[in-house]
Amino acid sequence: MQGLDFSSIAPELILLGLATVLLLLELVIKRKEYIAVLALVGVLTAFFSLSTKGGSFADVFEIDAYSYVFKVIFLVNLTLAILLSIRYMKVKNSSSGEYYSLLVFSTVGMMLMVSATNLMLIYLGLELMALSTYILAGFIRHDKHSTEAAIKYFLMGAFSTAIILYGMSLLYGTTGTMDIARIGAYIHYKGLAGNPLLLISMVLFIVSFGFKVAAVPFHMWAPDVYEGAPTSVTAFMSVGPKAAGFAVLAKVLLTVFPSMIDNWSVIVTGLAILTMLVGNLLALAQSNLKRMLAYSSIAHAGYVLLGLVPGSAEGVLGIMTYLFIYMFMNIGAFSILILLTTQDCKCETLNDLEGLAKTHPFVAAIMLVFMFSLAGIPPTGGFIGKFSIFLSLLHAQHRWLAIAAVLFSAISAFYYLRVVMYMYMRQPEVARPDTGITDSFALRLALSVSLVMTLMLGIMPQQLIDSMRHMFRFI
């Protein structure tokens, strides 16, 4: 066993200490905004402690370029979620220190998952992430929709966890080890690619993480949970847990089951097509903005799944690029909903956006940018994210998949542009209440960062792509 190099897990230790301190401060600090500010300081400290040099901890935890990129996504997502939450939780009269502590605990679970080289540590990280997110989904206790969302999320999450544990038990029983690299080597050298137990285990992993990333037909929890959970929590879990699920799924398929790519690529292809189809078609029928963004998120999961099909480094690069860009445009869209939320108006339906271009033209223009980006319209970041996935498919000679994805993307433009139509071409039925648009510096900061990054990654994407290629030293 290698030594206990605590510098390798410094970001995780910092965040664990931060989450514990935030729980204690809840008892002595009355103004919860101060707790949020301390949380931001702690997250920035953890961010700057991330190492790009590599390292490991006790043979179960490894620092590499792959985990580094995803940890950056998790920490930026956490930072933006905290900024969004300060105003939203105050409006909902539910601001408390344990809320921010749960956000941090959930992020620690994600970071453990992507650095884990052992199946058991993957499971522990998954549970830490999931349990924290279940509580966050039902955090507004006086809201029955929030409570319903938490119960549904918990039940479906527990079901998927049981599936992954069964898959892990089959892997351990067949290979005698929990180390994912050793499992992959054992399957390859022993010629076990056609072993029925391993095939079942592979399917169970795909099914379980299909639940986590809301891929069809394992998506049934997402619309209700996204709609019922607090909007700030919906923004957080639409990016972080989804990215963690894709990170682990890609690592398991490419490290444990590389010799079985002919089997799992067919399954992933079918899931991707079904996910894009169902997500986009059902989004067309939604009038609730959070449900629409939930089905939109399901469709985007389909695009990301396409990056796994080639089983190549370029496909993985496309997945990371897509998720990094998706984080800003998706959180930006939810930021607008939070910005327009008051105690009298939830701003959760298309009708709530009627005439926004006349009452708040700048806010409408920003929302337009995020809708264009989610639709993949240049020169926004969403176009670059989809282009990176499509390019990996073309290089792997999967032209028909790329064409299908472009067609589904064209369908998605309808419901994104419908939001624009309501903002610019409809008259509001009732006077819009004051949104307090200038009363939250934190929310404006999150919105500004999301907007700038969405545009910058669309106009000047080469720096992001080149930096990732340099880290992985391929292509």
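Residues are numbered from 1 along each chain as its sequence is written, and side-chain values use heavy atoms, with hydrogens and water left out. Because the model is predicted, local features need pLDDT of at least 70 and side-chain atom pairs count only at pLDDT 80 or more, whereas totals for chains, interfaces and linings use all residues.

**Helix pairs**

Two packed helices are described by the angle between their axes and the distance between the axes. Axes here are lines fitted to C-alpha atoms, for helices over the stretch in contact, with angles running from 0 to 180 degrees between N-to-C directions; helices are DSSP runs (H or I, at least four residues) numbered from the N terminus.

| Helix pair | Axes come within | Crossing angle |
|---|---|---|
| Helix 1 (residues 10-25) and helix 4 (residues 97-115) | 8 Å | roughly 160 degrees |
| Helix 16 (residues 361-375) and helix 17 (residues 381-395) | 6 Å | roughly 10 degrees |

Helix 1 and helix 4 are therefore roughly antiparallel (an angle over 145 degrees), and their contact (heavy atoms within 4.5 Å) includes L15, L16 and A19 of helix 1 and Y100, V104 and F105 of helix 4. The residues of this contact comprise 13 nonpolar, four polar and two charged, where Ala, Val, Leu, Ile, Met, Phe, Trp, Tyr, Cys and Pro count as nonpolar, Asp, Glu, Lys and Arg as charged, and the others, Gly among them, as polar.

Helix 16 and helix 17 are roughly parallel (an angle under 35 degrees). Their contact is made by S373, L374 and A375 of helix 16 with G381, G382, F383 and K386 of helix 17, and by class these are three nonpolar, three polar and one charged.

Not counting residues up to four places away in sequence, F70 touches V114, A243, A247, M320 and L323.

T117 lies in the loop between helix 4 and helix 5 (119-137) and is buried (under 20% relative accessible area), with a value of 12%. Apart from its neighbours within four places in sequence, T117 is in contact with D59, V60, F61, E62, M178, D179 and I180.

S312 and M421 are 109 residues apart in sequence and 40 Å apart in space, C-alpha to C-alpha.

Terms used. Helices (H or I, at least four residues) and strands (E, at least two) are DSSP runs, numbered from the N terminus. Angles under 35 degrees count as roughly parallel, over 145 as roughly antiparallel, 65 to 115 as roughly perpendicular and the rest as oblique. Buried means under 20% relative accessible area, exposed over 50%, partly exposed in between (1.4 Å probe, protein chains only).
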